[in-house]
Amino acid sequence: MDSEEDTDISDSEIEEYEDTSYEELKNGKHQVKLSDAAFTCPYCSKNKKKEFAYKDLLQHASSIGKGTSQKRSARDKANHLALMKYLEKDLVSVNGLPKSANVAEPPSGCDQDEGFVWPWVGVLVNIPRQWKDGRYVGRSGSQLRDQLTARGFNPTRVNCLWNYQGFSGSAIVEFRKDWPGLHNALSFEKAYEANRHGKKHWLDTANRDSDLYGWVARASDREGKDIVGDNLRTMGDIRTIADIIEEEARKQRRLVSNLNKVIEVKDMHLKEIQNKVSEATEALIKTVEERDRLYAHYNEELKKIQLSATEHSQKITKDHEKLKLQIEAQLRYTEEQREELKKREARNESETRKLKEETEMNKTKNNSLELASLEHKKADASVSKLAEDQKRQKEDLHKRIIQLERQINAKHDLEIEIARLKGKLNVDRELATDGDIEKIKKVEQMMQELRDKEEDLEHVESLTQDLIVKERKSNDEVQDARKELINGLKDLGLSGQKKIGVKRMGDLDSKPFHEALKRKWNEDEADERAMELCSLWQEYLKDPEWHPFKMVQVDGIHQEIIDEEDIKLKSLRKDLGEDVFIAVTTALKEINEYNPSGRYIITELWNYEEGRKAKLQEGVALLLKLWQTKREKFGVTN
């Protein structure tokens, strides 16, 4: 080191000295890069390891520059910080690898007129060898190639040179024939020169050591009289970089010329194709125009033929109608003549028969009116009798119910009285065991009274049973009459009257479905889809497996209501709205109330005005009103 390095710097001057060292590295004062894969630290020349990989050298510079070791001086830390900055900014590429020269071009700063052995080759000498079995042996060419590849020189082959004594200790390193191969060869040479193991160091026999020596083969090497020169003369020629550049230029000019000729041929071929395409396009346009003209002519001719056929058909139809009218007129005239002849032949007889027929007709008409009057009277009487019978049956039923309630109360009283008498009789029997005559008589009298009460109870039970049977029979008759009335009103088509009519309990109203689907579809498609959807939900209502009800307690009484959280009902309300949901739940309530086990639709006499089941009297009143309307229509007043 010089005198400047003998004096250390203070910690406050590290940053300033770091900038100075960094500028020296940038200006090339110190060599850092030996090859694309080999680097050295210019500040650690005493280090045994003289070559580093890029990342190892970067780590070496970082550990010393940023380390806290007391063995390193402030000047040494500043130098290594500058080296780290130089490696990161000036020798690293965008992908994190060290920068290298443009290997696709000839190397710059090299004498282009210098003669090199081509293809590019290098010379390795002083390769270790040993005497074995009467000859010298050493490392193989593949081992040497792998070692050089690991250092980033990328040789294609290493040929070890042998003579009559065996391995000579020399080898020829082959590189690629292109410019990247020359870059690798020169990097190979610079690496060995940097380690003072280049050709000039090899020629300095006084300072040789046992390490390998290497350089790029040139004309002087090829002309040598040693084993290396003999092999180089057989492997290649002497060429300069300028010659190769000129040859490449000639090849490039020849290639460009050939490419220009090819382009001219391709252009001519392209023009021919474009001409053919233009001709084909014109022919196609003419064909399309001709086709359109033929289509237009065909359509025009077809219209003429259709018009002619229509006119001819209309003419035939008119002629036919005209002929038909003429024939009909002739037939009518003939018929009129025939009738006129018949009238003239039987005029006297006709007049006589006419008088007789009028007499008979008047008589028949009078009889028909009398019969119609009788039929209406019978119908009035039947309806009145039906109403009176229903009223009488209702009054009898009410009286029977009152009587049955009284008898049931009397039966309860008798049962209580019998129980009391039995208890008293048991007590008196216990008391009469001492032979008291009076008590024994009293007990016998009570037993007789008890038997009379039991007979009365049996009589009441028998009478009660008879009343129950009669009540059931009367109720069955009322239900049968109600069914007959419903069937009669159905036959009359009164299933939708404003007040009293027949209603299908559980039948689904389709109108809300139509209204909901009209908002999504047109009129025809909405009607069709509404019918399909309504039929589907009617099938759901008939399904006994679907029971969307839940039990709730209202005022202490359990009631069954619609479960609005049912999956089907929630989906229906979401998709089609509240009106459809109400229609389905209404039908569901009706079918669950009137036919929960069968789940099919039944008919019921219904008061539409009050929304409830109609009474039998209301149905009979409607029937009487209908009869009265029919009578007034036929003019019957009695």
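A charge sits over a ring if NZ of Lys or CZ of Arg is within 6 Å of the ring centre and within 35 degrees of the ring normal.

This is a predicted model, where local features need pLDDT of at least 70, side-chain atom pairs count only at pLDDT 80 or more, and totals for chains, interfaces and linings use all residues. Residues are numbered from 1 along each chain as its sequence is written, and side-chain values use heavy atoms, with hydrogens and water left out.

**Around Tyr 540**

The charged end of Lys 568 also sits over the ring of Trp 546, 5.2 Å from its centre. The whole structure holds 12 aromatic pairs. Rings of Phe, Tyr and Trp (its six-membered ring) pair if their centres lie within 6.5 Å; planes under 30 degrees apart are stacked, over 60 edge-to-face, the rest tilted. Two pairs involve Tyr 540.

| Pair | Centre to centre | Angle between planes | Type |
|---|---|---|---|
| Trp 537 and Tyr 540 | 4.9 Å | 90° | edge-to-face |
| Tyr 540 and Trp 546 | 6.4 Å | 65° | edge-to-face |

Trp 537 and Tyr 540 are about one helical turn apart, because they lie three residues apart in helix 14 (residues 523-542). Helices (H or I, at least four residues) and strands (E, at least two) are DSSP runs, numbered from the N terminus. Trp 537 is buried, at 7% relative accessible area. Trp 546 is buried at 7% too. Tyr 540 is partly exposed, at 25%. Buried means under 20% relative accessible area, exposed over 50%, partly exposed in between (1.4 Å probe, protein chains only).

**The cores**

A nonpolar core is a set of buried Ala, Val, Leu, Ile, Met, Phe, Trp, Tyr and Cys residues joined through side-chain atoms within 4.5 Å. The largest has 26 residues; Trp 120, Leu 124, Leu 148 and Phe 188 touch the most other members. Helix 5, strand 5, strand 6 (166-174), helix 6 (179-194) and helix 10 (241-345) each give two or more residues. Helix 6 gives the most, with seven. Another core, of 23 residues, lies apart from it and includes Val 32 and Phe 39.

Leu 124 is in contact (heavy atoms within 4.5 Å) with residues including Leu 148, Phe 188 and Tyr 192. Phe 188 and Tyr 192 also form one aromatic cluster with Phe 153 and Phe 175.

**Arg 151**

Arg 151 lies in the loop between helix 5 (141-150) and strand 5 (157-163). Arg 151 is buried, at 15% relative accessibility. Its contacts beyond four places in sequence include Glu 51, Tyr 192 and Asn 195.
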